[in-house]
Amino acid sequence: MMVCEYKPGLEGIPAAQSSISYVDGQKGILEYRGIRIEELAEKSTFLETAYLLIWGELPSKEELKTFEHEVRYHRRIKYRIRDMMKCFPESGHPMDALQASAAALGLFYSLRDLHNPAYIRDSVVRLIATIPTMVAAFQLMRKGNDPIRPRDDLDYSANFLYMLDEKEPDPLMARIFDICLILQVEHTMNASTFSARVTASTLTDPYAVVASAVGTLGGPLHGGANEEVIQMLEKIGSIENVRPYIEHCLETKSKIMGFGHRVYKVKDPRATILQGLAEQLFEKFGHDNFYDIALEMERVVEEKLGTKGIYPNIDFYSGLVYRKMGIPTDLFTPIFAIARVAGWLAHWKEQLAENRIFRPTQVYNGRHEVTYTPIEQR
């Protein structure tokens, strides 16, 4: 019998071969299909980047126009899904509502024609188009309001911001939000992507694939961390409290949210870009004192833990950007999901190309030869 080395969390164990994205954690490099994230953030759009990830190449002008048109005119959701969402508890977390809603899409589009390119494309378009609509709809419905209909004349990011409060967003804010989606769309074999590929390997429908990934992303050690960063900054309250807070965390071995990464041993390149975006927002729409606390935290953590490769990750600054946009804290992770859906679908499509169902083994550490005890003797 082969003896397997146990690795908690499968750390360092390759789970797939992929050409979708690449990370060099020592140098702080992130690439999508070979293109650096900095270049995509400066020159691309979210939908163009999504196309690149899913179909492997940058689209031509006509291909991009067609893709944008398809997404634009598939934003609306069926009234039965809206009616279902109205029954969700108002106190429920938006990620739970999104997971249930994404799964429900599979009831309406349950054909599993996984060898049909038209089915693949329709599924990609439908999920990328409707996930933002469902996030915005639940945000309004939990307040007792009807959802706002998507606007076909607005682009992807501007339309989502519009659906939150029926106000057309400032162009700079819409562009910054679009860049945020680019930064969050994909990041190699993370926990939610692994969930997506495992589910995809069973040859179920893509709606179940996305629903399983949404559930994984919702945990505080994954996508939910950006919410906890804002809660942490609220708790600290002032620059003067930063050092005592960090020293207390180090003494009690508590996690400092927004710092450290399983891959990056330098500052997350996405955090660097987000920091610049936050400063653009503050310059135009007013300063946020939480940013001063964040800067002091980064300075103190680098002083204390920089030699251990502990630096800000994407969650540390993304929450500050969304907070300045007026987005509620518990929508931060659903917005992460809006972006990451395209990455999950890229991995779904790649998994289907050379599929083999995931069936890992385990290291058994239980008892053997235990005698059954009758219930009257227990």
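Reply: Start with helix α16, residues 332–353, in what is a predicted model. Its 22 residues reach 32 Å from the first C-alpha to the last, close to the 32 Å expected at 1.5 Å a residue.

Me: Where is the kink in α16 centred?
Reply: On Arg340, with a bend of about 40 degrees.

Me: How many residues of α16 are buried?
Reply: 19 of the 22, so α16 is mostly covered.

Me: Switching to strands. What order do they take in the sheet?
Reply: Three strands form an open sheet, β1-β2-β3, with antiparallel pairing. β1 (21–24) and β3 (35–36) are at the edges with a single partner strand each, so one side of each has no neighbour in the sheet.

Me: And how many bridges join β2 and β3?
Reply: Two, in the antiparallel sense; β2 covers residues 29–32. Glu31 stands opposite Arg36 in β3.

Me: Now aromatics. How many pairs are there?
Reply: The count is 14 aromatic pairs. One of them, Phe160 with Phe177, is stacked, at 5.5 Å centre to centre and 15 degrees between the planes.

Me: Which helices hold Phe160 and Phe177?
Reply: Phe160 is in α7 (residues 156–165) and Phe177 in α8 (residues 171–184), so the pair ties together parts 17 residues apart in sequence.

Me: Is Phe160 buried or exposed?
Reply: Buried, with a relative accessible area of 1%. Phe177 is also buried, at 1%.

Me: Why is the pair of Phe194 and Phe358 edge-to-face?
Reply: Because the planes are at 90 degrees, with the ring centres 5.6 Å apart. Phe194 lies in helix α9 and Phe358 in the segment after α16, 164 residues apart.

Technical notes: Residues numbered from 1 in each chain as written. Predicted model: local features only at pLDDT ≥ 70, side-chain atom pairs only at ≥ 80, totals over all residues. Heavy atoms only, no water. Helix = DSSP H or I, 4+ residues; strand = E, 2+ residues; numbered from the N terminus. Expected span 1.5 Å × (residues − 1). Bend = angle between axes of the 7 residues up to and from the residue. Buried < 20%, exposed > 50% of the residue type's maximum accessible area, 1.4 Å probe, protein only. Pairing = 2+ DSSP bridges. Phe/Tyr/Trp six-rings, centres within 6.5 Å; stacked < 30°, edge-to-face > 60°.
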